[in-house]
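The following paragraphs lead the reader through a structure, which is shown here.

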Amino acid sequence: MDKTMLNLPSYAVRLGGSREHPKIFDVLRRNYVALTPEEWVRQHFVHFLIEQKGYPQTLLANEVRLQVGDKQLRADTVVYNRNLMPRMIIEYKAPDIALSQRVFDQITIYNFLLHVDYLVVSNGHEHYCCKMDYEKNAYEFLTDIPTYSEL
């Protein structure tokens, strides 16, 4: 895994675990988690939101459990407003995974449950953000990730 080539700002990464089972500190879960390529992207993106975009750390959650019938799902990151209502879902992929229609279909399923205003997908290289318009049953791709105050 090439840890240097993301299209995200660097931050003071905290690594742990062992050479065979490396871990990275998740500031939201306050715990070390398995260091996978997708987790490397998630941690950089979360720090980008907090440090560059003004997202309150206390209003972000990783690995949010969702249920559709008897099927358990997990949204990678959910951003909440100050009333603890979900506003944004973020789906991460490893840097070598293309952001295909299948990725957008996956995040759309989560949105059927959470009904948020923004959907974001990122593989660390490319980031796409959509603003939902439920009245027109449409969405608009934004040119940048909004700051928290713009949500």
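Which residue takes a positive phi just after α1? That residue is Gly54, with a phi of about 75 degrees. The model is predicted, so that local features need pLDDT of at least 70 and side-chain atom pairs count only at pLDDT 80 or more, while totals for chains, interfaces and linings use all residues. Residues are numbered from 1 along each chain as its sequence is written, and side-chain values use heavy atoms, without hydrogens and water.

Helix α1 covers residues 37-53; helices are DSSP runs of H or I with at least four residues, strands are runs of E with at least two, and both are numbered from the N terminus. In α1, 12 of the 17 residues are buried, that is, under 20% relative accessible area, where exposed is over 50% and partly exposed lies in between (1.4 Å probe, protein chains only). Trp40, Phe45 and Lys53 are among them.

Helix α2 holds Leu113, which is partly exposed because its relative accessible area is 38%. Leu113 touches Leu66, Gln67 and Val68, residues up to four places away in sequence not being counted; contact means heavy atoms within 4.5 Å. Between Leu113 and Val68 lie 8.0 Å in space, C-alpha to C-alpha, although the two are 45 residues apart in sequence.

Definitions and conventions:
Expected span 1.5 Å × (residues − 1).
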